[in-house]
Amino acid sequence: MSFSADDHRFMARAIELARKGRFTTSPNPNVGAVLVKSGQVVGEGYHHQAGGPHAEVVALQQAAEQARGADCYVTLEPCSHYGRTPPCAEALIQAGVRRVVMAMQDPNPQVAGRGAALLQAAGIKVQSGLMAASARALNPGFLTRMEQQRPFVRLKLAASLDGKTALNNGASQWITSKEARADVQLQRAQSCAVLSTAETVLRDDARLSLRPEQALSPINPLQNGSYRQPTRLVLDRRQRLTGNEALFAQPGKLVLVYPEGCTQQAPAGAELLHAPCTQEQFDLPALMQLLAQQHINTLWVEAGARLAGSLLQASLVDEFWLYQAPKILGHQARGLVHLTELTNVNDAIALSWQDIRQLGPDLRFIATLHGRG
């Protein structure tokens, strides 16, 4: 299917609009829409937040009567089902658009081709596949949850140049710079949930909440208050948290993960999620399925070497984020990842670099597991 230069230009604008919702739409996908008539944009919009109007509806409201006979460029197939808002496919039909160009089909089984079918049945021309890769990149979490029934997992670690995360006595604040920590705040803000362990909370007095004031100038996308606190998930296999930790006094939803069968109540201020567990650790693949059922799209993991190693060995890490400071802590300091001992170099976990950049004095590396991404 061929698309014109104008088709690409208008879809690029829809993708640009969709990115504006990355701090607020969870658990819904980021979607942008542009309405064009006689070569001119007559309406555009993006999905702001779950429960609010979808991108197509915002664009239709802006276009008003000019929507009749217009072309609609949208980054995801218009929905066909009644949820908290009416179906966008029906809104486009009622508005009288003549053509809908969608970047990709919606993998949500409630939609998955039904939106396009509704449009075609109403005589509207439907084309799909324009800039699909860019559209998929808007919503890795939503797509992973729909297609694999688990969240998209980003594992974050901070280390010295020699790969150490803390001194032997446990001291680790702060290995990295304020610029690196500001970037972490932006990543938390774009995540549905932050996952850690009771061990990390107790050792570092970790709060895991979003602190938007730490996102640095010159451009702080959180400064206008358009963000939401991610859910904080803490693996507490031995019920060590008491409710007196600073974690409990922070804004946002806090969920403690206890083993299945545990009858102990959560401390005030926290909810409970029970997950399968052995004597050694939680069943991580089963936990990920549970989190997907909780509508968690993107999971940002900030924990120690043991959980990091377990996630990597279970092939549950989609992106590996390493913030590395130009410091050397020495061989006695604590290592980056705990893995079972390897006897062959070919058994090493291989990564593929996706992005490397400098943040203040530090470097930020983003990698995927080799063969993924």
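Contact here means that heavy atoms lie within 4.5 Å of each other. In this predicted model, the largest nonpolar core holds 43 residues, of which Met-11, Leu-35 and Val-100 touch the most other members. Helix H1, residues 5-18, supplies the largest share of this core, with 6 residues, and apart from it lies another core of 34 residues, among them Phe-282, Leu-287, Ala-303 and Phe-365.

**Surroundings of Val-100**
- Leaving aside residues up to four places away in sequence, Val-100 touches Cys-72, Val-74, Pro-78, Leu-92 and Leu-119, and also Ile-124, Lys-125, Val-126 and Gln-127.

**Helix H1**
- With 14 residues, H1 reaches 20 Å from its first C-alpha to its last, which is close to the 20 Å expected at 1.5 Å a residue.
- Asp-7, Phe-10, Met-11, Ala-14, Ile-15, Leu-17 and Ala-18 are the buried residues of H1, and they lie on the same side of the helix because they cover an arc of only 160 degrees around its axis.
- The cover over these buried residues includes strands S1 (32-37), S2 (40-46), S3 (71-74) and S4 (99-102), together with helix H5 (132-138).

**Asp-236**
- Asp-236 is found in the loop that runs between strand S9 (231-235) and strand S10 (254-259).
- Although Asp-236 is buried, it has no salt bridge, and the nearest side chain of opposite charge, that of Arg-240, is 5.7 Å away, whereas a salt bridge requires a side-chain nitrogen of Lys or Arg within 4 Å of a carboxyl oxygen of Asp or Glu.
- Not counting residues up to four places away in sequence, Asp-236 touches Ala-198, Leu-241, Val-257, Tyr-258, Pro-259 and Phe-282; Phe-282 is also one of the residues of the 34-residue core.

Conventions
Residues are numbered from 1 along each chain as its sequence is written. This is a predicted model: local features need pLDDT of at least 70, side-chain atom pairs count only at pLDDT 80 or more; totals for chains, interfaces and linings use all residues. Side-chain values use heavy atoms; hydrogens and water are left out. A nonpolar core is a set of buried Ala, Val, Leu, Ile, Met, Phe, Trp, Tyr and Cys residues joined through side-chain atoms within 4.5 Å. Buried means under 20% relative accessible area, exposed over 50%, partly exposed in between (1.4 Å probe, protein chains only). Helices (H or I, at least four residues) and strands (E, at least two) are DSSP runs, numbered from the N terminus. Lys and Arg count as positive and Asp and Glu as negative; His and the chain ends are not counted. The expected span of a helix is 1.5 Å times one less than its number of residues. The arc is that of the directions from the helix axis to the C-beta atoms.
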